[in-house]
There are 2 protein chains.
Amino acid sequence: MSPEPQKGRAPSIRDVARLADVSHQTVSRVLNGHPSIRDETRQRVLDAMEALKYRPNRAARALVTSRSRTIGVLSATTGEYGPSSSIAAIEDAAREAGYFVNTANLAASTPAAIVDALKHLVLQDVEGLIVMAPQVRVFDVLAGMAIDIPYVSLQSTGQSDHRALAVDQIAGARAATQHLIDLGHHEIVHLAGPQDWIEAEARMRGFLDAIIEADLRTHPPILGDWTADFGYYAGRELSRYRDFSAVFAANDLMAIGLMHAFRDAGLDVPRDVSVVGFDDIPVAQHVSPPLTTVHQEFREVGRRAVALLLSELRGEPVSQSEEIVPALVVRGSSGPVHAALVHY
Amino acid sequence: MSPEPQKGRAPSIRDVARLADVSHQTVSRVLNGHPSIRDETRQRVLDAMEALKYRPNRAARALVTSRSRTIGVLSATTGEYGPSSSIAAIEDAAREAGYFVNTANLAASTPAAIVDALKHLVLQDVEGLIVMAPQVRVFDVLAGMAIDIPYVSLQSTGQSDHRALAVDQIAGARAATQHLIDLGHHEIVHLAGPQDWIEAEARMRGFLDAIIEADLRTHPPILGDWTADFGYYAGRELSRYRDFSAVFAANDLMAIGLMHAFRDAGLDVPRDVSVVGFDDIPVAQHVSPPLTTVHQEFREVGRRAVALLLSELRGEPVSQSEEIVPALVVRGSSGPVHAALVHY
DNA sequence: TTGTAAGCGTTATCAC
DNA sequence: GTGATAACGCTTACAA
């Protein structure tokens, strides 16, 4: 009933060669943009490709070049906005550069799970790795596995052997904390992220820097897990001992859970307690009160990660890209309205 | 300084063969679990592999088998919880089944962008496709490109040539709407998702079914874009004409934006207006008031999508998997507390 | 149970 | 400029 467009096997470079009346090698040259080819010949080849709907065979190419043109992403997300956005941007950027992306998501942050995920990526022959996961642990495992693949990760301190993205999380956290200090707060608590994440560590560091610089009392930080549920839990505990007037949460989700708990405890945010978050996720401005937070350019982070990794793969010198500094976004939950603070 | 663990080239099947003193073919047999091999021989081969740290070459295998062991995911997300969670689950499930996942994210939902993304996946030689994107448009484009790859998509109606996941979005939406009706609402508005998404279409359908069944007035639905910002915008418009007492939003983000707008307009949720969402994203229970919503098992959806696609790839008969019915979660924003409704 | 031969579709290397 | 020839590492025949 239907015409026979294909004869079983997909057209190869030799089929194109036959039709264009050249050697298969010439077809290969056209494919790879080799300079010394007569225009007329090239055109004939291109026409033949078009006619045959020729598509190069990735496996064959990978076999002979031993390059997979694939980069791996090691992620550890349960659907959070930040990582998801960065990963999407990584895919876009990679695609644009002619690369494929393979993501392995960590089921747990145990060494075993990390080994599993890395093995999977290695099996896939990834040429490089972008780590969006508990970096501290991942680095350990990487070292232990003796895997020799170039990788890129988020980093805030300059000390590392591999290439790292320069997102100044410390500066962002410092700004957030300073904002609270400027509002007149003296007793500020930090609800931190898991400390095996570089971001979490850096945000705590920025927090402490600001606190110490202002010569304020250092409250023991609470170590959270990035989730809103944990934020709620922490908020419940916190509202028992009210020896603080403000909280800097390491991310917005925890901040939102926190505010919920404060509400439940009869505390008014921001009248009684000020809360600042980090990330500026899309709902941040729609909760009540709108959350003051630190804006991150997640897509830009993804783009830069790819650029960095590709330059590494190409053996280019480290291009000193400017640092991304997350920007404080004041939206009201801890805005200047609240000069009259209630200290406990 | 360091020992020389590898001599440039990665060990191949032949290196293993030489060390185990068998033919390379025997090694291949061990690799593929061929039955007729003497145990002693197999062990020798395995030992040799171990000693050489042999890893099979994916490209070579793919070249000769013309199977990439890769499935493609066409997504269209900007970091939303639902799709991101499903995609993560897809990766987990695929990995467990020995498959790799390649995701192409739609920059826009224009035909050109869809063609781009699909071409990328085809280039990658994906064996099958999971569509988590504006399916209506994607199907059109797929048909137009004459691509012959098995694909799976979310689907609520039974009418389709390809395999579809049975997630009964209609039932979920109907339950949500019925909940509002049970509370005594007569004037209910639907804030819908983009109609080229099957989910959006199905949720509107479920809404309308419930409305019609209860013989209520049908308000013209508002067509949104899934974002909280749009929800806010819609809420602002809606609060001008207050000819309704409840809104069923097609997803939680829009519902949250909506509530924000109502708050700004001086309307109290749920005293003045009831709002129900869809998805049950992690922040849903932490906003004020907690959002009544319809819970979805995003990870389960991802897992089933993979199972379905793989069974298709293996040519297995369609296993009639049970339908997933999203469950209504009542959390308070429109709970029975609000018997006294204010109608406009 | 094992080995030998051929070929998958491409690029690299050397001729002409 | 272009063409032959030899890999790349594996699996699918077929033979022993």
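Guide: A salt bridge is a side-chain nitrogen of Lys or Arg within 4 Å of a carboxyl oxygen of Asp or Glu. This is a predicted model, in which local features need pLDDT of at least 70 and side-chain atom pairs count only at pLDDT 80 or more, whereas totals for chains, interfaces and linings use all residues. Residues are numbered from 1 along each chain as its sequence is written, chains are lettered from A and ligands numbered from 1 in the order in which they are written, and side-chain values use heavy atoms, with hydrogens and water left out.

Visitor: Which parts of chain B does the salt bridge between E127(B) and R67(B) tie together?

Guide: The closest N and O atoms of E127(B) and R67(B) are 2.4 Å apart. Because E127(B) lies in the loop between α6 (111-123) and β3 (128-132) of chain B, and R67(B) in the loop between α4 (58-65) and β1 (70-75) of chain B, the pair ties together parts that are 60 residues apart in sequence. E127(B) is buried, with a relative accessible area of 13%, while R67(B) is partly exposed at 35%.

Visitor: How should I read the packing of two helices?

Guide: Two packed helices are described by the angle between their axes and the distance between the axes. Axes are lines fitted to C-alpha atoms, for helices over the stretch in contact, and angles run from 0 to 180 degrees between N-to-C directions. In chain A, the axes of helix α1 (residues 13-20) and helix α2 (residues 24-31) come within 8 Å and cross at roughly 105°. That makes α1(A) roughly perpendicular to α2(A), since angles of 65 to 115 degrees count as roughly perpendicular, under 35 as roughly parallel, over 145 as roughly antiparallel and the rest as oblique. The contact, meaning heavy atoms within 4.5 Å, is made by I13(A), R14(A), V16(A) and A17(A) of α1(A) with H24(A), V27(A) and S28(A) of α2(A).

Visitor: In helix α2 (residues 24-31) of chain B, which residues are buried?

Guide: They are T26(B), V27(B), S28(B) and V30(B), and the buried residues of α2(B) pack against α1 (13-20) and α3 (39-52) of chain B. After α2(B) comes G33(B), with a positive phi near 65°.

Visitor: How many residues does the largest nonpolar core have?

Guide: A nonpolar core is a set of buried Ala, Val, Leu, Ile, Met, Phe, Trp, Tyr and Cys residues joined through side-chain atoms within 4.5 Å. The largest has 58 residues, and those with the most contacts inside it are V247(A), L258(A), F262(A), V247(B), L258(B) and F262(B). Elements that each supply at least two residues of this core include β8 (246-249) and α11 (252-264) of chain A and of chain B.

Definitions and conventions: Buried means under 20% relative accessible area, exposed over 50%, partly exposed in between (1.4 Å probe, protein chains only). Helices (H or I, at least four residues) and strands (E, at least two) are DSSP runs, numbered from the N terminus.
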